[in-house]
Amino acid sequence: MTGGDVARTGLVVLLFLLVQQTIALNIVVAGAHPDVLLLLPIVTGLGAGPARGAAMGFAAGIVADLFVPAPFGLSALVGTLVGFAVGSLVNYSSRSPWWVVPGVALTASAAAVMLYAVLGAVLGEEQFLRADLAAIVLVVGVANALLSLPALRLVIWSFGVNRERGTLAAVGRR
Amino acid sequence: MVVVLVLVSIAIITIDERGGSRVSSDLRNAASRVFAPIRKGVDDVLRPIGNFFAGAVNYGSVAQENAKLQATLGRLRQQQAEQAYEQRQLRQMAALLHLSYLGSLQTVTAQTVTVNVSNFVASIGIDKGTADGVALGMPVVGAGGLVGQVVQAFRHSATVRLLTDGRSKVGVSFGRHATQAVVNGEGSGDPLAVDFVPPGTPMRKGQVLFTNGLAGAEYPNGIPVAFVTSYDTVPGASQMTVVAQPMANLHQLTYVDVVLWEPAP
């Protein structure tokens with residue numbers, strides 16, 4: 001990664017943080033709001049592979065942890081695991097059907113929310129499992145699915161991908 | 001690399017959980033200070049757009065006026081409830097109980113800047129912090145009663161855990177015999193559960209529960225907490241099943257008061 005890549009990636013994380021803190025928090029459906037920072041490791045894992053997905057998950061998670069009164073590092077751990085898992089399990093390329101990206105975003109977001117609740121409970125936050133998980137999974141999953149395609153474009157841009165060189169997955173492994 | 005990141009995450013969690021929260025607190029404080037003006041700037045830009053799409057020409061000013069009226073109404077409800085509590089306690093020889101009243105305690109009025117930043121924690125962020133006298137554990141009241149407790153205090157901001165959060169527990173008393181109980185949060189939007197009410201305790205719908213202020217309590221005495229919405233006694237059960245709603249309107253928290261009272265260490 002060049003310095004420009006790092007700067008662009010930082011800008012994308014900052015943009016997502018702004019969207020989360022100013023817009024997403026105000027969109028409340030059934031008591032839950034979207035979590036767009038969770039989308040970053042998912043689309044990065046899809047577009048740039050497991051290592052970058054994990055790194056983006058860690059970075060976005062640490063940023064999210066700064067603003068949430070919950071165990072510090074929990075979002076980073078979940079983001080790392082989700083970014084790595086998506087990058088490892090999904091063989092995405094630019095030739096994949098369009099619905100793969102929103103489909104993965106929906107599924108991975110749901111899994112991440114459940115993982116966050118379970119790990120939180122393990123760390124003594126038992127009330128995480130008493131939250132309305134169905135509503136949270138639905139709202140976070142649907143919102144991330146809707147935003148996944150433009151988010152993937154941003155990640156492609158942030159990693160300085162030259163699309164003429166081949167598929168995103170190939171770029172992720174270079 | 002992935003293994004390293006996972007291990008680093010676990011190390012951070014462990015340090016935070018084992019009392020190294022000073023580091024995370026400092027980081028959160030810095031993030032709060034850096035991000036607050038950015039958030040306010042973006043809010044200032046986006047709010048008028050949102051108001052425009054709401055379709056009312058003067059929606060912004062009406063919403064602001066409504067928020068102020070709600071706050072005033074809440075204070076009046078709180079005063080009314082406090083007066084009722086005062087009269088009840090006086091009838092029960094309050095002089096012997098050494099009551100402390102909210103009226104004699106200093107407060108700091110704060111504006112709510114964020115609501116429920118996490119889907120898993122019922123909380124609000126306020127624009128007053130340690131520089132204004134706010135400290136960890138201080139009760140927060142508004143819009144009719146107890147709102148919650150300060151769980152993070154930074155220099156110019158703080159986080160308040162709401163009464164409805166799953167970790168919230170408040171010792172309360174009610175009724176002619178000052179029955180003791182505990183009000184538990186059950187999650188954002190859900191009613192409160194009242195535990196440890198002995199079977200057969202006289203009770204009525206609308207009964208107001210007040211903080212009990214017992215030795216070592218996390219709240220001063222006499223703050224209205226919740227009102228009973230339903231109660232039942234299951235035969236053979238060791239306690240009644242009591243459900244309550246917060247006295248404070250937790251959906252109208254534009255302004256709140258932080259009570260400058262710290263729990264005993």
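Biologist: How many bridges join strand β2 (residues 123–126) of chain B to β5(B)?

Modeller: Strands of a sheet pair through backbone hydrogen bonds, either parallel or antiparallel. Here 4 bridges link β2(B) with β5(B), and the two run antiparallel. Within that pairing, S123(B) stands opposite R161(B) of β5(B). Strands (E, at least two residues) and helices (H or I, at least four) are DSSP runs, numbered from the N terminus; two strands pair if DSSP finds at least two bridges between them.

This is a predicted model, where local features need pLDDT of at least 70 and side-chain atom pairs count only at pLDDT 80 or more, while totals for chains, interfaces and linings use all residues. Residues are numbered from 1 along each chain as its sequence is written, with chains lettered from A and ligands numbered from 1 in the order in which they are written.

Biologist: Which strands form the closed barrel of chain B?

Modeller: Follow the order β1-β2-β5-β4-β3-β12: these 6 strands of chain B close the barrel, with antiparallel pairing.

Biologist: Which residues have the most contacts inside the largest nonpolar core?

Modeller: In soluble globular proteins, nonpolar side chains tend to be buried together. The largest core in this model has 114 residues, and L146(B), V147(B), V183(B), L209(B) and V225(B) have the most contacts inside it. Helix α7 (residues 133–158) of chain A gives the most to this core, with 11 residues. Such a core is a set of buried Ala, Val, Leu, Ile, Met, Phe, Trp, Tyr and Cys residues joined through C-beta atoms within 7 Å. Buried means 20 or more other C-beta atoms within 10 Å of the residue's own, exposed 12 or fewer, and partly exposed in between, with C-beta atoms placed from the backbone.

Biologist: Is helix α4(A) largely enclosed or open?

Modeller: Of the 16 residues of α4(A), 14 are buried, so this helix is largely enclosed by the rest of the structure.

Biologist: How many residues of chain B are in contact with chain A?

Modeller: Contact means C-beta atoms, placed from the backbone, within 7 Å. By that rule, 40 residues of chain B touch 37 of chain A. On the chain B side, α2(B) gives the most, with 10 residues.

Biologist: What is the phi of A178(B)?

Modeller: Most residues other than glycine have a negative phi. A178(B) has a positive phi, near 50°, and sits in the loop between β6 (169–174) and β7 (179–184) of chain B. A178(B) is partly exposed, with 13 other C-beta atoms within 10 Å. F196(B) also has a positive phi, near 70°.

Conventions. Contact = placed C-beta atoms within 7 Å.
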